Amino acid sequence: AWTAMGGRWEDLLGRRPLEMSKANGGRVGLRNIGNTCFFNATLQCLSHVAPLTAYFLTQKYREELHEGHEKQGRGKLAEAFAALQRSLWQGPAAATAP
């Protein structure tokens with residue numbers, strides 16, 4: 001474990017441990033499900049923006065979720081993006097479904 005971005009983003013992310021897969025971290029592909037190639041390319045680009053990825057992998061985003069309002073998504077998009085980041089950076093698979 002190492003701190004988020006080796007200390008570079010500590011003010012934003014704190015000192016949360018950041019685990020990466022030594023075998024596949026950041027080298028996991030996204031399976032094409034029908035016509036998702038442009039969507040997958042966008043997700044791959046976002047997953048390589050270091051501060052954004054660290055923000056989700058350290059679960060810092062959870063501090064900013066608004067869970068109280070019934071008609072809002074209650075952070076479902078953020079949770080789904082965080083799960084995808086875990087698959088891309090911390091999982092054992094060589095490819096995952098978006």
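Reader: Where is the place of Q59?

Author: This is a predicted model, in which local features need pLDDT of at least 70, side-chain atom pairs count only at pLDDT 80 or more, and totals for chains, interfaces and linings use all residues. Residues are numbered from 1 along each chain as its sequence is written, and side-chain values use heavy atoms, leaving out hydrogens and water. Helices (H or I, at least four residues) and strands (E, at least two) are DSSP runs numbered from the N terminus. On that basis, Q59 lies in the loop between α3 and α4.

Reader: What is the phi of Q59?

Author: Most residues other than glycine have a negative phi. Q59 is not a glycine, yet its phi is positive. The value for this residue, which follows α3, is near 65°.

Reader: Is Q59 buried, partly exposed or exposed?

Author: A residue is buried under 20% relative accessible area, exposed over 50% and partly exposed in between (1.4 Å probe, protein chains only). The relative accessible area of Q59 is 34%, so Q59 is partly exposed.

Reader: What pattern does the protein chain follow along the sequence?

Author: The secondary structure of the protein chain comprises four helices and four strands. Read along the sequence, their pattern is β-α-β-β-α-α-α-β.

Reader: Among contacts between residues at least 6 apart in sequence, what percentage join residues at least 24 apart?

Author: Contact means heavy atoms within 4.5 Å. Of the 98 residues in the protein chain, 32% are buried. Among the contacts between residues at least 6 apart in sequence, the share joining residues at least 24 apart is 64%.

Reader: Which residues of α3 are buried?

Author: Several of these residues can be given with a computed value: Y55 has a relative accessible area of 16%, F56 has 10%, and L57 has 7%. The buried residues of α3 are T53, A54, Y55, F56 and L57.

Reader: How far are the C-alpha atoms of L57 and Q90 separated?

Author: L57 is in helix α3. Leaving aside neighbours within four places in sequence, L57 is in contact with L18, M20, Q85, R86, W89 and Q90. L57 and Q90 are 33 residues apart along the chain, and their C-alpha atoms are separated by 8.7 Å.

Reader: Is the pair of Y55 and F56 stacked, tilted or edge-to-face?

Author: Rings of Phe, Tyr and Trp (its six-membered ring) pair if their centres lie within 6.5 Å; planes under 30 degrees apart count as stacked, over 60 as edge-to-face and the rest as tilted. This rule gives three aromatic pairs. The ring centres of Y55 and F56 are 5.3 Å apart and the planes stand at 90°, so the pair is edge-to-face.

Reader: Are α3 and α4 roughly parallel or roughly perpendicular to each other?

Author: Two packed helices are described by the angle between their axes and the distance between the axes. Axes are lines fitted to C-alpha atoms, for helices over the stretch in contact, and angles run from 0 to 180 degrees between N-to-C directions; those under 35 degrees count as roughly parallel, over 145 as roughly antiparallel, 65 to 115 as roughly perpendicular and the rest as oblique. The axes of α3 and α4 come within 9 Å and cross at roughly 105°. The two helices are therefore roughly perpendicular.

Reader: How do the residues of the contact of α3 with α4 divide by class?

Author: Here L52, T53, F56 and L57 in α3 meet A78, F81, A82, Q85, R86 and W89 in α4. Ala, Val, Leu, Ile, Met, Phe, Trp, Tyr, Cys and Pro count as nonpolar, Asp, Glu, Lys and Arg as charged, and the others, Gly among them, as polar. The division is seven nonpolar, two polar and one charged.

Reader: Within what arc do the buried residues of α2 fall?

Author: In helix α2 (residues 37-47), the buried residues are N40, L43 and S47. They line one face of the helix, because, seen down the axis, they fall within an arc of 60°, taken from the directions from the helix axis to the C-beta atoms. On the other side of α2, F38 and C45 are exposed. The arc holding the buried residues is thus 60°.
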